[in-house]
Amino acid sequence: MRKFTNICGIALACLSIAGVSTVAINSGLTIPTVAAASRENIDIANRDIANYLANCQQYE
C-alpha cells in the first residue's frame, strides 16, 4: 500500500510539472512570469514530497 501511495504522489507531482510546462509553452508573452511561478510550484511540490516521505519513514 505504501509503494502505491508513493507512486501516486510521484505521478501527481509529474503531472503538475507537466501541466505547468504546458501553460508556459502556450502562454506566449507571459513566459517569464509563468517560468518563475513554475519554479516556485516545483519547490513547493518537492518540499511536500519530502515531508510526506519523512512522515512515512517514521512508520517503517
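## N46 in helix α2

N46 is partly exposed, its relative accessible area being 42%. This residue lies in helix α2. The model is a predicted one.

Along the chain, N46 and A13 are 33 residues apart.

Is A45 buried or exposed? A45 is buried, because its relative accessible area is 19% and the cut-off for buried is under 20%. N46, at 42%, is partly exposed.

A45 can also be placed relative to G9. The two are 36 residues apart along the chain. Their C-alpha atoms are separated by 9.8 Å.

## The salt bridge

How many salt bridges does a search of the whole structure find? It finds 1. R39 forms a salt bridge with D43. The closest N and O atoms of R39 and D43 are 2.8 Å apart, and the criterion for a salt bridge is within 4 Å.

R39 counts as partly exposed because its relative accessibility is 47%. D43 has 36% relative accessibility, so D43 also counts as partly exposed. The class lies between the buried limit of 20% and the exposed limit of 50%.

## The chain as a whole

The chain holds 2 helices and 0 strands. Of its 60 residues, 10% count as buried. A45 is one of the buried residues.

What is the accessible surface of the chain? The total comes to about 4800 Å². Carbon and sulfur atoms account for 66% of that surface.

Conventions:
Residues numbered from 1 in each chain as written. Predicted model: local features only at pLDDT ≥ 70, side-chain atom pairs only at ≥ 80, totals over all residues. Heavy atoms only, no water. Buried < 20%, exposed > 50% of the residue type's maximum accessible area, 1.4 Å probe, protein only. Helix = DSSP H or I, 4+ residues; strand = E, 2+ residues; numbered from the N terminus. Areas by Shrake-Rupley, 256 points an atom, 1.4 Å probe, with all protein chains shown as cover. Salt bridge = Lys/Arg side-chain N within 4 Å of Asp/Glu carboxyl O.
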